[in-house]
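Hi there,

Here is the model I promised to pass on. Could you have a look at it alongside the notes below?

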Amino acid sequence: MPEISLKAEELFHIGSLPITNTYLVSFLALFGLVVVGMILNEKIKLSVGWLQNIVEVVLEALLELMESVLGSREAAEKYLPLIATIFLFVITSNWLGLLPGMGSILFHTEEGIVPLLRSPASDLNFTLAIAISSVVAANLLGMIKLGFFGHLGKFFNFSDPINFFVGILELVSEFAKVVSFSFRLFGNVFAGEVLLTIVAFLVGYIVPLPFMFLEIFVGFIQAFVFAMLTLVFLGLHTTSHDAHAEAGAHSQGSTLSTQKVEP
């Protein structure tokens, strides 16, 4: 059975930058998405074909989902590129890791023989980078929407001791999001790789197929969860505390009105 390494293996260096097998596959995923995007952009026509029809149906469903979270169609269209990019990049990286050749094509390095290709999300550096990008983007967009001091007011509220304590907790939760994001994706993908490696070593034919389909499903779910959590955090950061309070008061008032009407 091939050696299972928690750390991504280094292939070569470009200057002082080490290129690992996970970095190589993440670059291939990025390159593939750019090429597909350019091809689709060239093929967009007024007379809709079957491929464009499918893409438009998927985008419309995603926009409706985002609208239900963000509260407006305008905001959904504005933040669609960020959410869709995160989802497509993570799911492409996850599914590339299931292709034949991943882990089985070997590469000779100075330190020994290592796999040439490996799923990007099985490297904690990859998931950590996406998690930081997601949290930073949500905070920056919130800052653009509410203003610098309006956004910081969520974390540093000196109106009373309780609000100050709540703000500090929200600030700490921003760092907890990075940890949660990165370790959830890394743990699921790395565990899946170990499972497939062990099953394929014990029984080489047919038996690994159900586990392979399971990993395809897990790869989709993890990408969807990552994108949806980013969307929810984005919705929270682009809405002021006053709007939250008004929404809560309105909801409470509606509940009281309903209770009065009921006999």
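To read the packing notes, take axes as lines fitted to C-alpha atoms, for helices over the stretch in contact, with angles running from 0 to 180 degrees between N-to-C directions. Helices are DSSP runs of H or I with at least four residues, numbered from the N terminus. This is a predicted model, in which local features need pLDDT of at least 70 and side-chain atom pairs count only at pLDDT 80 or more, while totals for chains, interfaces and linings use all residues. Residues are numbered from 1 along each chain as its sequence is written, and side-chain values use heavy atoms, with hydrogens and water left out.

**Helix 7 and its partners**

The axes of helix 6 and helix 7 come within 10 Å and cross at roughly 175°. Helix 6 is therefore roughly antiparallel to helix 7 (angles over 145 degrees count as such). In this contact (heavy atoms within 4.5 Å), the helix 6 side includes E174, K177 and R184, and the helix 7 side includes E215, Q222 and H237. By class, the contact residues are 14 nonpolar, five polar and four charged. Here Ala, Val, Leu, Ile, Met, Phe, Trp, Tyr, Cys and Pro count as nonpolar, Asp, Glu, Lys and Arg as charged, and the others, Gly among them, as polar.

Helix 3 (residues 73-96) packs against helix 7 (residues 208-237) at about 155°, with the axes 9 Å apart. Among the residues in contact are Y79, F87 and W95 of helix 3 and F220, F224 and M228 of helix 7. This contact has 17 nonpolar, four polar and no charged residues.

**Spaces in the model**

On a 1 Å grid over the protein atoms alone, a cavity is a set of points where a 1.4 Å probe fits but cannot get out, and a pocket is an open set with protein on both sides within 12 Å along at least five of seven lines; lining residues have an atom within 4 Å of a point. Volume is the space filled by probe spheres set on the points, which are joined across faces, edges and corners.

The largest pocket holds about 1,300 Å³. Of its 37 lining residues, V36, L40, V55, L59 and L88 are the closest to its centre.

The largest cavity has a volume of about 100 Å³. Helix 6 (161-202) and helix 7 each supply at least two residues of its lining, and the largest share, four residues, comes from helix 6.

Happy to talk it through,
Best wishes

Terms used: Angles under 35 degrees count as roughly parallel, over 145 as roughly antiparallel, 65 to 115 as roughly perpendicular and the rest as oblique.
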